Amino acid sequence: MQATECVVCHKTLDTVAGMFQDYWRFDANFATYGKRKGGWFSDMFGAGFEGEDLPAEQRWRALQWLGVRTAKDPRFAVAMVEHVYYLLTGRKVLLPPKEIDDPLYAAKRRAYQTQRQRTEAIAARFAAEGFNLKSVFKDWVASDFYRADGLRTATENPTRRAELDDIGLMRMLAPEQVERKLNAIFGERWGRLGHGDGQLAALYGGIDSKEVTERAADPSGAMGAIQRILSNDIACRQTLKDFARPAAERRLFSNIEPDIIPGSSPKADAKIRAAIARLHELVLGRYDAVDSAEVNRSFELFAKIVTDAQAQKGLDKRENYHCRAHVPDAPEDPHYTIRAWRGVLTYLMRRQDFLYE
Amino acid sequence: MRRVFLKLCGLAGLGLAMPFRFSNLLRAESKDNGYEGPFYVVLNASGGWDTTYLMDPKGIDGINRLFEAGDIQTRGNHKFAPTEKHKSGGMSNEEFYANFGDELLVLNGLDYSVNNHSPGARYMATGKLNSLAYPTFAALVAACQGPTCPLSFLTFGNYSATGNLVAMSRVPYLPSLKKLANADAIEGNERSPYHDRFALDRIERALLTEHEATAADPRLPRVERAENMLYAAQVNSKALECIAPHIPSSIPKERLAQQVEITLASFKAGVCVSANLTIGQFDSHANNDRDQMLLIPEFLAGIAYLMRRAEELKIRDQLVVILQSEMGRTPTYNNNNNNNGNGKDHWSVGSIMFLGKGIKGDRVIGATDEKQFQVAVDPQTLACEKEKGIRVRPEHIHTALREFAGIADHEYSKKFPLGVPDKDKLKGLWG
């Protein structure tokens, strides 16, 4: 081990690898990891850590010895801070840009340096506070990197956009997170994105911890289809069921009844708008005013479905069979309002506010 | 249906609203049949295949216990290991070469450079060893040639990084494909829609209105990108309806055959450019000959199934097939107490094979010597040239693949350069 280009890596890797020389299993089924018959390699650097040799008397507890030194290394704190960033945002911290000819190099460099400064500051606090990982989570969550959720003014300037490129939390929910969110909103999971149905979970960018170990960060066409299935199916399961309950026991539609028809009176429209605002809060986590543009769009959707239905001939007066099959004492839907509310719920669940964090 | 989809895309104003990689949606989908080829299939023998039991037989010095040098078979310019007597299922080498030897291009003596699984798989998939950012060839070609196809890049495992150029789609089971194809119908049954047609139309229009309204607001680049991708994913997903007619009624049992059916249905529907297929367990440390004689025939049978079904679907002439593994196996059987001396460990020299559209077959390029070390190749003549040749590595293969696919000068390819100088490019690799 003398070639310079080899030594540069091996002087670190070999020494750490040597710490594991006595880490093996007796079980024959794990024979691959058995003790090396000819003894440890003699043509590589000996066990140790960054220039410090492992004392012979410490060999019996080599990994503990390594652990102590690893934790003392300043890079350990930085690595942990970077890992927490990944856990919170779903993406790795920025790396220094390499392409010096890139016209956006300076902007990317600024973005990297700014984030790196914050990383190191959090790491310093982490070390100073006795390596309590909670402090790292708190510091990241309190930072602009996590909290920023918009711009005051639009920018088309490529340089500024490059600087802001990694700012803000915009993370598509993983299948398990979608299930938990559904449980929080509707009181029950969908059950098709969880561990019980690996097919859809895998399709929705989930991991199996074997062949697929990285979650999908962006939706594919297939995932777009699952989002449509999800929104259709959940709205189908929950809308009629909620209306079938006494108003005081409803989760979604406690402040509205199916006989309140849009356009029938200002009071009716106001009630519908209030119900929509409540749905926005529950499903999207948005606190929209009843006269906001957001509520206007949902109101218009609801009203137009009801109006369209009035123009149709031969429509069933009940919800479709699949949606009412498991609802005892299901109310009828003579004005098509329950199905229109189902349409609104479907619409909301296909939105970014619902599907992303 | 395609026209309905295009109309919807037009309504959606995707050219304005989508991020740059979706901006050419209408151009890419301008044909009524969607993406029509070439279709790229990368088949991975995951875990490390023993090339001496397939396209680079030795039969000397104890490298192969199942045959001697005199038993080696030939077909045209190919030499291959005899496996007919040793397989218990799948397809033997004899059958495989009889069926496909004339169109098969083999490159032996590929320098994987590493003998660890993860870096090896990454290197073989991307042509870049020391970066986690590079896309696989399958992802890159999908991004360049069909960025808006809803299942542009399908993968069933193995290293599948996309370089953030294109979404990765995992559709591991056929029934899942049917549900996806009819997402607005209960359990994929198109006769049982969730919403009445007029209500669904209203929902789609409301989503479009919402999308346009938010696009006008000042947003962080990351938020803007995510919103565009989400909207594009949902709109593009409607094109999956084209797949339904091509989904077979019965599901094959074999691992690769299931992946093949999903892949070919997606190709046929014009919604997919490339697929990364894989079967694992080639890592035969414990019992090399037994494991390789199970897996190589299974792998070859999967390739034969792919070609046969593609023929039936009338898209075989558009297939480009790449057969690879992330490493080879040692020329010696391991000799320690734990492995009983029957296994073979990792070896950083191996082979890769190609067949399909635009590839001249019945050719073998490169070689390994009697100790299974790489023999260098003259990149200009592709002849073995021990003294002055180059060590052919994955970046040489990927450079050639990019040129073959016509994407070498694409902005995405330039974003992920492979750094092979012109003098080292494999001239005439494809014939």
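Biologist: Let's take chain B: how many helices and strands does its secondary structure come to?

Modeller: Before the numbers, note that this is a predicted model, where local features need pLDDT of at least 70, side-chain atom pairs count only at pLDDT 80 or more, and totals for chains, interfaces and linings use all residues. Residues are numbered from 1 along each chain as its sequence is written, chains are lettered from A and ligands numbered from 1 in the order in which they are written, and side-chain values use heavy atoms, with hydrogens and water left out.

Now to chain B: you'll find 13 helices and 14 strands there (DSSP runs numbered from the N terminus, H or I of at least four residues for helices and E of at least two for strands). Chain B is as compact as a globular protein of its length, because its radius of gyration is 23 Å, close to the 22 Å that the globule rule gives for 431 residues. That radius is taken over C-alpha atoms, and the rule is 2.2 Å times the number of residues to the power 0.38. If you picture a box along the principal axes, the C-alpha atoms of chain B fill roughly 75 × 45 × 40 Å.

What about the inside? Of the 431 residues in chain B, 63% are buried, meaning under 20% relative accessible area with a 1.4 Å probe, protein chains only. Look at the contacts in chain B with a separation of 6 or more, and 71% of them come from residues 24 or more positions apart (a contact is heavy atoms within 4.5 Å).

As for charge, chain B carries 49 positive and 49 negative side chains, and the centres of the two sets lie 3 Å apart. Here Lys and Arg count as positive, Asp and Glu as negative, while His and the chain ends are not counted; each charge is placed at NZ of Lys, CZ of Arg, CG of Asp or CD of Glu.

Chain A has 15 helices and 2 strands. A compact globule of 357 residues would have a radius of gyration near 21 Å, but chain A has 29 Å. Its C-alpha trace spans about 85 × 55 × 40 Å along the principal axes, and 43% of the 357 residues of chain A count as buried.

Conventions:
Buried means under 20% relative accessible area, exposed over 50%, partly exposed in between (1.4 Å probe, protein chains only).
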